[in-house]
Amino acid sequence: MVSIGYFLSSEEFGPRELVRQARWAEQAGFERLWISDHYHPWNGEQGDSPFVWSVIGALSEVTSLPITTAVTCPTLRIHPAVVAQAAATAAVQCRGGFTLGVGTGEALNEHIFGDRWPSAPERLEMLEEAVEVMRALWTGHEVSHRGRHYTVENARLYTLPPSPVPVYVSAFGPKAAVVAGRIGDGLCSTMPDASLISKFRSAGGEGKPTQAGFKVCHASSAEAGVKTAHRLWPNEHLPGELAQVLPTPRHFEQASTLVTEEMVASALPTGPDPQRYVDAVREYADAGYDEVYVQQIGPDQEQFFSFWADSVAPALGRSPVGSQQGGA
């Protein structure tokens, strides 16, 4: 049975609002949380980007739901030894209910110090070494490491959870899925692609959890939802590798002028019909994901959680307090 979580958008909301949404999500029956980790929003309309580790600390005090970062890039902007410390502290705060989702990142967030933006294969290589460094530190032993990309000298973490932090690896293509299967404790994605899961499983991911998330825009009409989603998240519909290589929100705004409302309307559930949301969850469940995360676009968050609890959760066989009766 698929577990359904809520996706907290650090690009669209400030820290106090994200904490409030987490409370609502738990009350509406969502079973877990994703939270994005960005330095910049994708565009100026989204308008926020709090430091995720501060927000996770606050979340740990107001919700018992497990939390996954979707996703952290532990390679350029923050050294993996520092991410290891942050993740270990988050796992203690969340009483073990924390998972570090990692990926190769985007120039939008990672180029801020003026570093060269590596190629995709090099970024995967860096990610693999970063995960190696973090896992060594989570043993609690003193670590010295001299690798191709990272150096650590006499580093030791003293605040540690009872067991090492699980690392789920993000993948959008077959090469990343193979790396995720080989080094990850689980898989993160945003596509209802059964072949991606198959590639992950065959590369060493058999029996490991899989997560995926998607966006929706509940509104008074489908057309109103499309307009809100088009205003705030047109970048979701840019093709190819643009999301990885464009360096600033301004560049995303320029590229997003190519995205039409019709493209948005065909890509995500909008409006008041609960069946569209039910069908989207089931599409991801049918692809083979164990956990599915939903993000409401726009300011009408409280209305969305009421709609979900009253109309969508029952259609998925869930009670509004999160107990499972049947399932997607």
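This is a predicted model: local features need pLDDT of at least 70, side-chain atom pairs count only at pLDDT 80 or more; totals for chains, interfaces and linings use all residues.
Helices (H or I, at least four residues) and strands (E, at least two) are DSSP runs, numbered from the N terminus.

**The barrel**

I followed the strands around and found that eight of them close into a barrel in the order β1-β2-β3-β4-β7-β8-β9-β10, with parallel pairing. Neighbouring strands of this sheet are turned by 25° against each other on average, direction ignored. Strands of a sheet pair through backbone hydrogen bonds, either parallel or antiparallel.

Next I looked at helix α5 (residues 120-137), which lies across β4 (98-102) and β7 (167-170) and runs at about 155° to β4; angles run from 0 to 180 degrees between N-to-C directions, and axes are lines fitted to C-alpha atoms, for helices over the stretch in contact.

**Helices α1 and α2**

I then turned to α1 (residues 15-27) and α2 (residues 52-62), whose axes come within 10 Å and cross at roughly 35°. In α1, Pro15, Leu18, Val19, Ala22, Arg23 and Glu26 meet Val55, Ala58, Leu59 and Val62 in α2, where contact means heavy atoms within 4.5 Å. The residues of this contact divide into eight nonpolar, no polar and two charged; Ala, Val, Leu, Ile, Met, Phe, Trp, Tyr, Cys and Pro count as nonpolar, Asp, Glu, Lys and Arg as charged, and the others, Gly among them, as polar.

The buried residues of α2 are Val52, Trp53, Val55, Ile56, Gly57, Leu59 and Ser60 (buried means under 20% relative accessible area, exposed over 50%, partly exposed in between, with a 1.4 Å probe and protein chains only). Their cover includes β1, α1, β2 (33-35), β3, α3 and β4.

In α12 (residues 274-287) I found Tyr277, Val278, Ala280, Val281, Tyr284, Ala285 and Ala287 to be buried, and what covers the buried residues includes β1 (3-8), α7 (194-205), β9, β10 and α13 (301-315).

Leaving out residues up to four places away in sequence, histidine 218 touches Gly271, Pro272, Tyr277, Gln296, Gln303, Phe304 and Phe307.

**Backbone entries**

Most residues other than glycine have a negative phi, and most peptide bonds are trans.

- Alanine 70 and valine 71 are joined by a cis peptide bond with omega about -15°, and valine 71 is found in the loop between β3 (67-69) and α3 (80-93).
- Arginine 95, in the loop between α3 and β4, has a positive phi near 55° and is exposed, with a relative accessible area of 56%.
- Asparagine 154, in strand β6 (residues 151-155), has a positive phi of about 50° and is partly exposed at 48% relative accessible area.

How values were computed
Residues are numbered from 1 along each chain as its sequence is written. Side-chain values use heavy atoms; hydrogens and water are left out. Two strands pair if DSSP finds at least two bridges between them.
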